[in-house]
Every structure is written in C-alpha cells, then in structure tokens.
Amino acid sequence: MIYTRFIGTGSYLPEKILTNHDLEKMVDIDTSDQWIRERTGIAKRHIAADDETTCDLAEHAARAALDAAGKKAADIDLLVLATTTPDKIFPSTACLLQSRLGMKNHPAFDVQAVCSGFVYAVSIAEKFIRSGSHQRALVVGAETFSRLIDWTDRSTCVLFGDGAGAVVLEASTEPGIHSTHLHADGAYEELLHVPGGVSLGFDIEGDNINDPHYTHMRGNEVFKVAVNTLGQIVEETLVANQLQKSDIDWLVPHQANTRIIDATARKLNMSKDRVVVTVDQHANTSAASIPLALDVAVRDGRIKRGEKVLLEAFGGGFTWGSVLFTY
Ligand code: ACO
C-alpha cells in the first residue's frame with residue numbers, strides 16, 4: 001500500500017499588518033475592534049504590498065516547506081497550487097511558481113475551490129502519489145484575497161487577509177493520509193461570490209451587487225451552512241476510518257471565524273487546546289489558511305510525528321472537504 005506522508009511544511013505572511021483599529025478608520029459605516037473580535041475572533045490581518053503577488057507569497061512558503069522537508073526543487077515531481085487570486089489569468093500561478101523554483105517538465109496546475117482549495121489540492125496530489133505515478137508533491141495554498149475586497153464594506157473587509165502556506169508530500173509505506181473527502185454544491189453560488197469575471201464581464205447589475213469586482217457575502221446564511229456542513233464532514237471522515245472522536249489528536253480547521261471553529265470542535269468533543277487557531281493573527285486567508293495554521297502548529301512542536309490530524313475546510317461554491325492523516 002502506498003501512503004502519502006507530510007514531510008515538510010512552510011508558510012509566509014506579508015509584512016504589512018492591518019489591525020481592527022485601522023479598519024475602524026477605513027469603513028463606510030461604523031465598525032469596532034470589539035465587534036470584530038466578538039463576532040469573528042480576528043484581531044489583525046496581513047496585507048500584501050502593492051507590488052507583491054500571490055506567486056511571491058507562494059514562493060516564500062514553498063521554499064520554507066522544501067527546507068523543512070530537506071528537499072530541493074529538483075526532488076519534486078508534481079506541483080499543485082490552490083488559489084482564488086492568481087497573478088495572471090494565465091499561465092497558472094503554479095506554472096509561474098514552478099519557473100521561480102527552477103523546476104521543469106513535471107505537471108504544475110492551479111486548483112480553484114476558494115477556501116477549500118488547499119484540501120482539494122492535497123486530495124488531488126494524494127491520488128497522484130497513491131496511484132504510483134508521482135513520488136513527491138509540493139502543494140501550496142496562496143492568496144492575495146485583499147485584492148477581492150471592497151475595503152469600505154464592513155460586512156466583508158474585516159474578515160479577510162493575505163498569506164501562503166505549503167507542504168511537501170511524499171510516497172511512503174508508512175501512513176500517511178488515511179482518507180480525503182471532497183464535496184461541492186453550486187446551488188449556493190449567490191451566498192458567497194465575486195459577481196464579475198473574465199467571461200461574464202463586469203457590467204453586471206443586481207439588487208445586492210455594488211461593485212462586481214469584489215467579494216459579496218450573505219455572512220449569516222454562509223455561517224449556518226458552514227457549521228452544519230463541517231459537522232457532517234467530520235462525521236463522514238470518522239465513519240470512513242472507523243474512528244472515534246477521541247482518536248483525533250489535532251483539528252486544523254479552515255480559519256474563517258472562531259465561532260465556526262468552536263462549533264466544529266464541540267461536535268468532536270475536542271478541548272480547545274487540541275484545536276489549532278490562527279485566525280486571530282491573520283484572518284481568513286482562503287486557500288492559505290489551513291497550511292498556515294498547520295505550519296504554525298508543526299513548528300511550535302504541538303503536532304508531533306505519529307499523531308492523527310484532521311484538516312477541514314468550507315468555502316465559496318459552496319465547496320467543503322477534509323483530510324485525515326497521521327503526521
Ligand atoms: N462591524 C459592525 N457591525 C457589522 C459589521 C462590522 N464589521 N458587519 C456587519 N455588521 C452588522 C450587520 O450589518 C448587522 O446589523 P443589523 O442587525 O442592523 O442588520 C449585524 O452586524 C449582525 O449581522 P450578522 O450578519 O447577523 O452578524 P453575524 O453574527 O452573522 O456575523 C459574520 C457576521 C462575522 C460575517 C459571520 O456571519 C460569518 O463569519 N460568516 C461566515 C463567513 C465564512 O465563514 N466564510 C467562509 C468561507 S469564506 C470563502 O470561501 C471566501
């Protein structure tokens with residue numbers, strides 16, 4: 001049996017920090033540090049510099065993950081990059097990153113599943129490795145989500161930030177990823193979307209559409225579906241692996257909102273000190289949020305070899321999914 005092991009993690013946050021107090025001065029209608037902390041758990045977010053792109057953030061995270069794995073770019077035979085905010089329409093940001101890292105010939109492609117992108121990308125890479133066709137994958141989640149935000153709209157701008165995280169996955173006879181679970185339901189398109197696009201254009205009108213270049217979200221409705229759906233994906237993952245809740249050592253959830261994270265942790269009967277939470281430090285970085293949190297908990301020594309880790313994500317689409325692995 002070929003398993004897929006996590007052999008290195010890395011992450012990167014841009015230098016510029018935007019605090020809740022900064023936002024109090026920026027938005028059209030009032031907001032406050034207290035409101036943002038109470039409703040979301042977020043204290044600050046990092047924002048890419050004007051000349052800094054998703055690929056720049058991805059490169060920092062990728063190099064850190066390669067170093068941690070003790071591998072060189074030449075050792076990688078598959079590159080999968082999850083992003084909603086590619087540098088260019090094409091080529092893919094994965095191809096741009098591949099060139100930056102001095103890699104050639106092996107497949108490199110982007111995955112677009114918004115906040116679930118990293119879980120999708122890991123799941124895809126795992127299938128390549130398990131099939132025996134590839135040995136070692138670099139999987140990256142990177143976003144400059146700030147570019148999709150109307151920074152005067154308090155209902156969305158307080159929630160998001162920029163960053164990147166990466167992992168190196170390798171074929172092994174030792175476990176390894178036990179299972180991955182992916183889902184989507186496009187019927188929820190209008191609850192969370194950027195209305196404009198390459199093919200549709202940006203000349204769009206509608207009751208709830210202000211500027212079609214930016215993120216529109218019916219936050220309260222997204223919240224309810226997210227809590228229910230994440231509970232179901234946790235259950236599905238446990239059943240598929242014939243595990244009890246108590247068998248999971250660490251939950252590394254998508255970092256969108258501490259209230260959503262707490263609700264999922266309650267469903268798992270997990271104490272808070274077994275849940276990795278970084279959303280307070282960098283807000284929702286979409287596809288980057290899980291690998292950022294994973295890297296923090298690996299580097300500070302919380303997640304140790306042999307422990308069982310559950311990643312779970314929910315995002316625009318709607319998309320959702322999980323990855324269960326022994327670190
Ligand atoms: N400051 C102050 N007041 C605000 C702010 C703000 N920044 N934003 C909204 N409000 C107001 C609203 O206008 C509303 O006022 P009203 O009652 O007068 O109409 C009030 O606060 C309550 O609004 P709700 O939307 O009901 O607040 P809620 O408790 O649901 O919190 C939040 C809002 C934080 C957006 C929450 O719903 C949430 O986190 N949703 C989920 C987001 C998410 O998980 N996304 C994941 C996927 S993201 C992706 O895929 C890109």
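Buried area is the accessible area, taken with a 1.4 Å probe, that two parts lose on being put together, summed over both. The exercises below apply this to a predicted model.

**Exercise 1.** State how the chain is divided and how far apart the C-alpha centres of the domains lie.

*Solution.* Begin with the bounds: domain 1 covers 3-174 and domain 2 covers 179-326. Next take the C-alpha centres of domain 1 and domain 2, which lie 14 Å apart. The contact between them draws 54 residues from domain 1 and 44 residues from domain 2.

**Exercise 2.** How much area do domain 1 and domain 2 bury between them, and which residues of domain 1 lose the most?

*Solution.* The two domains bury about 3700 Å² between them. Of this area, 62% is on carbon and sulfur atoms. On the side of domain 1, Phe-6, Cys-115 and Val-119 lose the most area to domain 2. Together these three account for 17% of what that side buries.

**Exercise 3.** Count the salt bridges and the polar contacts between the domains.

*Solution.* For polar contacts, the count is 24 residue pairs, with both residues at pLDDT 80 or more.

**Exercise 4.** Describe the side of domain 1 that touches domain 2 by its elements and residue classes.

*Solution.* Elements that each supply at least two residues include strand S1 (3-12), helix H3 (54-69), helix H5 (117-131) and strand S7 (162-172). The largest share, eight residues, comes from H5. By class, the residues of this side divide into 26 nonpolar, 17 polar and eleven charged.

Methods:
Residues are numbered from 1 along each chain as its sequence is written. This is a predicted model: local features need pLDDT of at least 70, side-chain atom pairs count only at pLDDT 80 or more; totals for chains, interfaces and linings use all residues. Side-chain values use heavy atoms; hydrogens and water are left out. Domain bounds come from an automatic or database domain assignment. Contact means heavy atoms within 4.5 Å. A salt bridge is a side-chain nitrogen of Lys or Arg within 4 Å of a carboxyl oxygen of Asp or Glu. A polar contact is a pair of N or O atoms within 3.5 Å; within protein, one must be able to donate a hydrogen and the other to accept it, and residues adjacent in sequence count only if both atoms are side-chain atoms. Helices (H or I, at least four residues) and strands (E, at least two) are DSSP runs, numbered from the N terminus. Ala, Val, Leu, Ile, Met, Phe, Trp, Tyr, Cys and Pro count as nonpolar, Asp, Glu, Lys and Arg as charged, and the others, Gly among them, as polar.
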